[in-house]
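Q: I'd like to learn how to read a fold from its atoms, one feature at a time. Could you walk me through it?

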Amino acid sequence: MRDASDLTLSLMVAWPFLVDGLFVALWYHDSPDVARELALMAVEIQFITGALQSVTNMIASRQRPFVPSCGTDVAADDADCTGRIRYRSFFSGHTSQAFAAAATVCTTHARLPLYGGGAKEAAPCVVGVAIAALTAAFRVMADLHWFTDVVTGAVVGTAVGTIIPLLRMRPNRRARTFAVVPYGMGLALTGSLR
């Protein structure tokens, strides 16, 4: 189950880059600008999701479900039982990353007619959410996370994977402009994030 969750996570995280960005936007639609924006947005989403998960993981230090079996015949891998990984259960990184990618796919297809528009845009969303849900189920079945770990991961990943594309794909979005200006005896950074 652990290997299966690694595989489904890899498929989901690669989708916004490879399928929507490189294959559909760049190759099929011949739109390097859209492909670049989709790829950069996917990187940003995965980075923010990973950062939130890592910080929460270290602060919470929740024990993984397999830890009580450490030292018995049915014990997990010895490295898992002795390393820091045993206290990195809350919240699931695999689940949050997979749901972030699925939400990215859903939001992107709701805003851009990558597959020609209409009902065809719903198919990648449904498949993406199914793969993300499988990732979450595999993490629980592998005894690596509690149910609440994957639910929280799904909520956080979905939120990040929805909010970032909505912010970046706003109509009439102004370019981000920054400038370094003199301020007192030093310098200041000014600009707009709209």
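A: Buried means under 20% relative accessible area, exposed means over 50%, and partly exposed lies in between (1.4 Å probe, protein chains only). Keep in mind that this is a predicted model, where local features need pLDDT of at least 70 and side-chain atom pairs count only at pLDDT 80 or more, while totals for chains, interfaces and linings use all residues. Residues are numbered from 1 along each chain as its sequence is written, and side-chain values use heavy atoms, with hydrogens and water left out.

Q: Which residues have the most contacts inside the largest nonpolar core?

A: In soluble globular proteins, nonpolar side chains tend to be buried together. Here the largest core has 13 residues, and those with the most contacts inside it are Met-12, Trp-15, Ala-98, Phe-99 and Ala-132. Two or more residues each come from H1, helix H4 (93–111), helix H5 (122–141) and helix H6 (147–168). H4 gives the largest share, five residues. Apart from this core lies another, of eleven residues, including Leu-38, Val-160, Ile-164 and Met-169.

Q: How are the helices and strands defined, and what pattern does the chain follow?

A: They are DSSP runs, numbered from the N terminus: helices are H or I with at least four residues, strands are E with at least two. This chain has six helices and two strands, in the order α-α-α-α-α-α-β-β.

Q: What does Ala-132 touch?

A: Contact means heavy atoms within 4.5 Å. Ala-132 sits in helix H5 and counts as buried because its relative accessibility is 0%. Not counting residues up to four places away in sequence, Ala-132 touches Met-12, Ala-98, Phe-99 and Ala-102. Turn to Phe-99, with neighbours within four places again left aside: its contacts are Ala-132, Ala-133, Ala-136, Ala-154, Gly-157 and Thr-158. Across the whole chain, 74% of contacts between residues at least 6 apart in sequence join residues at least 24 apart.

Q: Is Gln-53 buried or exposed?

A: Gln-53 is buried, since its relative accessible area is 14%. Its place is in helix H2 (residues 32–60), and beyond four places in sequence Gln-53 touches Phe-91, Ser-92, Gly-93 and Ser-96. Of the chain's 194 residues, 37% count as buried.

Q: Which cysteines does a disulfide join?

A: A disulfide is a covalent bond between the sulfur atoms of two cysteines. The cut-off is a pair of cysteine sulfur atoms within 2.5 Å. A search of the whole structure finds one, joining Cys-106 to Cys-125 with an S to S distance of 2.0 Å. The pair links distant parts of the chain, with Cys-106 in helix H4 and Cys-125 in helix H5, 19 residues apart. The link of Cys-106 and Cys-125 is right-handed, with 90° about the S-S bond. Cys-106 is buried at 17% relative accessible area, whereas Cys-125 is partly exposed at 22%.

Q: And on the surface, which residues form a nonpolar patch?

A: Accessible areas come from the Shrake-Rupley method with a 1.4 Å probe; for residues, only the protein chains shown count as cover. Like charges are joined within 9 Å, and nonpolar side chains (Val, Leu, Ile, Met, Phe, Trp, Tyr) within 5 Å. Leu-18, Val-19, Leu-22 and Leu-26 form such a nonpolar patch, with about 310 Å² of accessible area together. Leu-18, found in helix H1 (residues 2–28), is partly exposed at 49% relative accessible area.

Conventions: Patches are made of residues with over 30% relative accessible area and no salt bridge: like charges are joined within 9 Å, nonpolar side chains (Val, Leu, Ile, Met, Phe, Trp, Tyr) within 5 Å. A salt bridge is a side-chain nitrogen of Lys or Arg within 4 Å of a carboxyl oxygen of Asp or Glu. A nonpolar core is a set of buried Ala, Val, Leu, Ile, Met, Phe, Trp, Tyr and Cys residues joined through side-chain atoms within 4.5 Å.
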